[in-house]
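Hi everyone, thanks for coming. Please bring up the sequence and the model on your screens, and we'll walk through two parts of it together.

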Amino acid sequence: MAQLDLITIGRSSVDLYGAQVGGRLEDMASFNKYIGGSPTNIAAGTARLGLKSAVLTRVGDEHMGRFIREQLMREGVDIRGVKTDPERLTALVLLGIRDEHQFPLIFYRENCADMALCEDDVDPDFIGAARCVLATGTHLSHPRTEAAVLKALKIAREGGARTALDIDYRPNLWGLAGHGAGESRYIESRAVTTKLQATLHLFDLIVGTEEEFHIAGGTTDTVEALKAVRRVSDAALVCKRGAMGAVVFEGAIPDSLDEGQAGEGFPIEVFNVLGAGDGFMSGLLKGWLTGEDWPTSLKFANACGAFAVSRHGCTPAYPSWEELQYFFKTGIRNKALRKDEALEQVHWSTNRKGDWSEMRVFAFDHRLQLEAMADEAGVPRERIGAFKTLCLKAALDVAGGAPGYGILCDSRLGRDALYAASGSGLWIGRPVEWPGSRPLVLEPEIGPDFGGLVEWPLEDVVKVLCFYHPDDTAEMRAEQEATVLRLFAAARRNRLEMLLEVIPSKVGPTDDDTVARIIDRFYEIGVYPDWWKLEPMRTEASWANACAAVERHDPYTRGIVVLGLDAPQAELEESFALAARFALVKGFAVGRTIFGEAARKWLSGAISDGQAAEEMAQRYRSLCSVWDKARQGSGALGEKA
């Protein structure tokens, strides 16, 4: 069985975070959906930092349970321990940000799936594969889940693994407060103290806030509480002190918290404390499990907690390892970390999900061209939608479920195909430009406020074609740049990736520097596309200059795809051979070369649905083969092959 650094045990829920900030939970009108629950957050947070993490929990046999599974997989978390409960629903939590002190939340956990975790769910081989097992307090609150936790801890300890406890005290999850008291962090309870103290000897590391050590130690005097815990446990004790950071005690507890080991702190604006403890724990475990000393481990922990405090959501706020190192180099430039644009760019780009190192994209987002074909064939334009479903069939047939394939499809003429593609495993790009517009105008569905993007599935990539040339008039450049910049901001706000396509040769003369100048300019104004789509340039120098421009500004870019411009296949083979020499070019996005002839014949009634789909599949498959051969024989230049 694959070796793991960490297995977390316990709660797994869907967090529905109020999108509006500064009001009552009662008044929130929309919610963002994230994974949640301390063990689930920690598994994802540590995976982002490079640990091989897994979670042992239960989810329901429904959409929310599948969401948790899929999101954990995207985060790189091992899901062998995620059991599906056929009877119970996945837990939900509604959360809000009222101000810097109030964070209302409601737990929907009545007989939920994760509280049905039992001893039979604990596979000795799975537990034995981990270097560390982390338990959280809530799953000690019920005999069934407690038995599962104790079994896992026993196996881990017998196998020489480390064990850790996040006290994670939520009074209403121990039955001490009502549903409306989800925000409550401390209620005295001798029963809870007794239960916790019966298990504290099983851990090598115990982590909690001052209030959590109060419940573990049975007193509201923090030092005395720590001493009470020390009497029953030899664990390293990590006491979180909010804005004052955290301290570690490995031996006897001194008379002052200030005498504990500490790490560098990061004073930032408090925006959202929810999930901050799980971020802290993720950083702490990264240090502890990789042999760092306590000051360094606490530095990791404090920084990860700072990211969480400054952002919306729990898991989405946690940093990647690359982001953490970047932060250590740059320091705090804005105490509201989420408003540090450079840091947010690193956060976004190093936490994107999905491996798209190869891109073979069938582009049938064409609108003007297909409308002209329908008019020429004398058939209603409504027929175009049916044809695009055949394009999707061809794409799926060629992909065969393998990675590295995608489509470009619009929603105005191709809505049925676009919706059907969702969840298929294909990369999906969706155009927003009004066809042929210059200066750039967007499709009406995007709306004058660009608010139409809020309706898009998160897997859809915002694709925009801008007929931009560096030698345009100042007025033309300014108008088009403003539209692209606003679109970029709207895409990011809606958590959507963006592809920027430029074809300068359509509007003016070009040389080896033209595309590179365009790329430089868009980065200069603050547009960082996840993808670039570039025309098939004819010289090695033009490709080298373009790739160098991208890498100069964005070392984390997804890459470039080369378009086809309705070129015959022989001509595309030549352009592929040149483009494939550059590792930053991940593949192609070609349309009319694949569908043009089939569309004309199908619209005129000369071929059937099946014949049209098969003809396009053959052409698409042939182009994929051409690209793959070009890449294999290229000895691609650069580091992003």
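Let's start with strand S11, where both faces are covered: Ala236, Val238 and Lys240 on one side, and Leu237 and Cys239 on the other, are all buried. By buried I mean under 20% relative accessible area; exposed is over 50%, and partly exposed lies in between, with a 1.4 Å probe and protein chains only. Helices (H or I, at least four residues) and strands (E, at least two) are DSSP runs, numbered from the N terminus.

A quick word on the source: this is a predicted model, where local features need pLDDT of at least 70 and side-chain atom pairs count only at pLDDT 80 or more, while totals for chains, interfaces and linings use all residues. Residues are numbered from 1 along each chain as its sequence is written, and side-chain values use heavy atoms, with hydrogens and water left out.

Now, which strands pair with S11? One is S10, residues 205-209, which runs parallel to S11 over 5 bridges; here Thr209 sits opposite Lys240. Another is S12, residues 246-249, antiparallel to S11 and joined to it by 4 bridges, with Phe249 as the bridge partner of Leu237. Two strands count as paired if DSSP finds at least two bridges between them. The hairpin of S11 and S12 has 5 residues between the strands, and in it Gly242 takes a positive phi near 65°.

Zooming out, we have an open sheet of 9 strands with mixed pairing, in the order S5-S4-S1-S8-S9-S10-S11-S12-S13. S5 (82-85) and S13 (261-262) are at the edges with a single partner strand each, so one side of each has no neighbour in the sheet. Helix H7, residues 222-232, packs on the sheet and touches S10, S11 and S12; its direction makes about 155° with that of S11. Contact means heavy atoms within 4.5 Å. Axes are lines fitted to C-alpha atoms, for helices over the stretch in contact, and angles run from 0 to 180 degrees between N-to-C directions.

Last stop, helix H18, residues 569-579: its buried residues are Leu572, Ser575, Phe576, Leu578 and Ala579. Why are they on the same side of H18? Because they cover an arc of only 160° around the axis, the arc being that of the directions from the helix axis to the C-beta atoms. On the face turned away from that buried side you'll find the exposed residues Ala570 and Glu574. The elements covering the buried residues include helix H17 (540-553) and strand S21 (585-590).
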